[in-house]
Amino acid sequence: MIHLICLTKSYNELDFHLWYNWYKKMGVDKIYIFDNESTIKFNLDKNDYYEKIVGWPNQWQLFSDILNQNKFGFKSGDLVMFFDDDEFLWFDGEESIRKQFKMLDCVLVPQILMSSKIVTEQRSKNLIEHCYYRRGDLSNQGKCIILYDEDNKYDFTKEVQNEKGHVPFINGLRFSDVV
């Protein structure tokens, strides 16, 4: 299965539903929304997951707990992706997400390829039609896609060289293949 984890504070319903439908069409089986007091209404498929979070959570601890406590029943071999609701994964061709990311423990998708800039909350067009933006820096941050293994221990909270999160330590080691 392909799972997508999203911690969000959404302000624009049009943007959120464009993002949600984008990933559904790409073949994501289940989307997990952790709502940090958004101002929009979420209309999710009954198979998807929604949880309201009051206050600002420790994102990296939340992501570590999701994988290590496995309350969602991930299986070894499942893909687990972590993307915000303004980040759109795109690749050329007709291949599925699973075929694009086969046999890798962890893939870092650099934010330079997928970040949005601060945009007006109220507008008549969705985010993609309204603006197109790529980071101009060489950020070492990104989002990860993990080939889940029930026997692994995942830690997004460990800090190295003033950077933590984004790519977890897996069994005490941090490594990824960059797409």
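Which side chain makes a polar contact with the side chain of Ser-10? Keep that in mind while you look around. The model on your screen is predicted.

**Stop 1: the whole protein.** Show the cartoon. The elements come in the order β-α-β-β-α-β-α-β-α-β-β-β-β. The protein has 179 residues, and 44% of them count as buried.

**Stop 2: Ser-10.** Select β1 (2–8) and α1 (13–25), then the loop between them, where Ser-10 lies. Is Ser-10 buried or exposed? Ser-10 is buried, because its relative accessible area is 3%, under the 20% cut-off. Now show side chains. The opening question has its answer here: the side chain of Thr-8, at 2.9 Å.

**Stop 3: around Ser-10.** Leave out residues up to four places away in sequence. Ser-10 then touches Phe-16, Ser-38, Thr-39, Ile-40, Phe-42 and Asp-85. Select them one by one.

Stop 4: Select Cys-6. This residue counts as buried, with 0% relative accessibility. Move to Cys-144. It is buried too, and its relative accessible area is 0%. How many disulfides does the structure hold? The count is 0. A disulfide would be a covalent bond between the sulfur atoms of two cysteines.

Note on methods: Residues are numbered from 1 along each chain as its sequence is written. This is a predicted model: local features need pLDDT of at least 70, side-chain atom pairs count only at pLDDT 80 or more; totals for chains, interfaces and linings use all residues. Side-chain values use heavy atoms; hydrogens and water are left out. A disulfide is a pair of cysteine sulfur atoms within 2.5 Å. Buried means under 20% relative accessible area, exposed over 50%, partly exposed in between (1.4 Å probe, protein chains only). Helices (H or I, at least four residues) and strands (E, at least two) are DSSP runs, numbered from the N terminus. A polar contact is a pair of N or O atoms within 3.5 Å; within protein, one must be able to donate a hydrogen and the other to accept it, and residues adjacent in sequence count only if both atoms are side-chain atoms. Contact means heavy atoms within 4.5 Å.
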